[in-house]
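The sequence and structure are shown first.

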Amino acid sequence: MNPVRAVGRSSLGMLQTAGALTLFAGRGVAAALSPPVFLGQFLRQLGQIGYFSLPVVGLTAVFTGAALALNIYTGGGRFNAEQIMPQIVALGITRELGPVLAALMLAGRVSAAIAAEIGAMRATEHIDALQTLSTDPFRYLVAPRLLAAVLVLPLLTLVADIIGIAGGWSVAVASLGFNGSIYVKNTWDFLQAWDVGSGLIKASVFGFIVALMGCYHGYNASGGARGVGRATTHAVVSAAILIFAADYLLTSLFSHK
Amino acid sequence: MSAVPSIESPKLELKGVKKRFGSKVVLAGVDIPVARGRSLVIIGGSGQGKSVTLKIAIGLMRPDAGKVFVDGQDVTRLGGAGRRRLSSQFGMLFQGAALFDSLSVWENVAFRLTNADGVKRPEARERAVAALARVGLKSDVAALYPGELSGGMQKRVGLARAVVAEPAIIFFDEPTTGLDPINADVINDLIVEQVKRLGCTAVSITHDMASARKIGDEIAMLNDGHIVWRGPTSQIDNSGNPYVDQFIHGRATGPITGGV
């Protein structure tokens, strides 16, 4: 095949996907911001996305906080700066690792589940059934998931921030000889509201990405069980990539503050 | 027998409908008027465009060309709230019943009532249980989940869901597929009973000839993107159409060469 044609074709394909995704997101947001709201579906998604993700997010945060503390202690030791470890751990967790790791865990757990559920509904004509029952699938399926993820991921991130810092604290106190109350005081005095706030704003955007990727790939799944599997994989991979891209953009934006 | 009968003010009409997927032409200009209160069954082999015809008629798919009319009004491009209002006139029984796994049987049956029509749950439940009774299911089934039902019971629940809001047009997509002959006959009887009770217009697609003979006032045969024959069910055995003869007798040889 002509290489120029191949590049052109794949570029057009990417543009087509970007356009379709933008339209899908627009319809989803419009449905989420206007009545009627399917409250039962929304509450169910709050549980599915939020409550049931707590263990995985908490475990990830505690181990990451502990490992981060060890690494920063080792690195700081090269400059005789071990004592600033609590502050760096707090900054790293709240601004970066808390939101990104919580979002990545949700990409694996929630994007995949959403894509599989909606994809299976597409394969078994459930989405067609919704339409014939005078129910907009965007309002019934997409909007509750988008809303729930946007609202819940900041809360999960807040939990991840606290547990992550606690992970760092426990390693510092148990094996690095830090005084527990001084560690907490140093962390508290150092942290600014914006450190936590910027992480929570990031988390909200990541929540939107996680739910959007799951819904988009599930809704457009085709080809039966294989198509549902493909949609699940695409949802997780694209959510993870977009989370990293959005993280860089938002960090650039926030670094000017 | 003409493939397109002249019907004055049809309830539903597909006019010059064309649809293709890539290079494959599925519908090549199909005209299907359906008179008010009549039951039309569209038969045809696999891959001949029966499902596409049904999806276009109900608005789940848009044709490449041609129009769909309901009560003489062009609804081909209707979307959003207008489409949802129109859908409130429709009921549909899906091939696999398409019941929502996470909802109980009565919630499935009352789905339109609670989610689109704003009916309160106690009243919706009452109406759902009454609809279930009309398809021969006892009230204790109402609290079960679709996964706990047999295929035949799921079809009955799907039928109850299709008729609970008393639609003006009901669509049946392969209503007896996957059922044993006895259960298939039960479903056919229930379809006839419900369509008569509601006095509604019905459009079914099937390749089950026993079902077509039982539920249809008229039968139309779709082959290679065209309606090749249409007539009263009583004349299907004397159609004089080689496509119809081959299909209803299940012969491997004849003008239909699609195969598997």
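## Interface of chain B and chain A

Between them, chain B and chain A bury about 1,600 Å², and 61% of this area is on carbon and sulfur atoms. Buried area here is the accessible area, taken with a 1.4 Å probe, that two parts lose on being put together, summed over both. Of the area that chain B buries against chain A, B:Arg84, B:Phe100 and B:Phe111 supply 30%, more than any other three residues. In terms of contact (heavy atoms within 4.5 Å), 23 residues of chain B meet 16 residues of chain A.

The model is predicted: local features need pLDDT of at least 70 and side-chain atom pairs count only at pLDDT 80 or more, while totals for chains, interfaces and linings use all residues. Residues are numbered from 1 along each chain as its sequence is written, chains are lettered from A and ligands numbered from 1 in the order in which they are written, and side-chain values use heavy atoms, with hydrogens and water left out.

## Polar and charged pairs across the interface

Two salt bridges are found across the interface of chain B and chain A, a salt bridge being a side-chain nitrogen of Lys or Arg within 4 Å of a carboxyl oxygen of Asp or Glu. A:Asp128 and B:Lys55 form a salt bridge through their side chains, at 3.7 Å from N to O.

On the side of chain B that touches chain A, two or more residues each come from helix 1 (50–58), helix 2 (80–87), strand 6 (90–93) and helix 4 (111–115) of chain B. Helix 4 of chain B gives the most, with three residues. Helices (H or I, at least four residues) and strands (E, at least two) are DSSP runs numbered from the N terminus. By class, this side of chain B has eleven nonpolar, six polar and six charged residues; Ala, Val, Leu, Ile, Met, Phe, Trp, Tyr, Cys and Pro count as nonpolar, Asp, Glu, Lys and Arg as charged, and the others, Gly among them, as polar.

## Largest pocket

The largest pocket has a volume of about 710 Å³. Its lining comprises 28 residues, with A:Arg27, A:Gln131, A:Pro137, A:Tyr219 and B:Gly59 nearest its centre. At least two lining residues each come from helix 1 (3–32), helix 5 (126–132) and helix 6 (137–175) of chain A and from helix 2 of chain B. The lining divides into eleven nonpolar, ten polar and seven charged residues.

On a 1 Å grid over the protein atoms alone, a pocket is an open set of points with protein on both sides within 12 Å along at least five of seven lines, a cavity is a set where a 1.4 Å probe fits but cannot get out, and lining residues have an atom within 4 Å of a point. Grid points are joined across faces, edges and corners, and a volume is the space filled by probe spheres set on the points.

## Cavities

Five cavities of 30 Å³ or more are present, and the largest cavity has a volume of about 50 Å³. Its lining includes A:Phe38, A:Phe42 and A:Arg139. Helix 6 of chain A gives the most to this lining, with four residues. By class, the lining of the largest cavity has nine nonpolar, no polar and one charged residue.

## A salt bridge within chain B

Over all chains, the structure holds 20 salt bridges. One of them joins B:Glu107 and B:Arg121, with the closest N and O atoms 3.0 Å apart. Because B:Glu107 lies in helix 3 (residues 105–109) and B:Arg121 in helix 5 (residues 121–134) of chain B, the pair ties together parts that are 14 residues apart in sequence.
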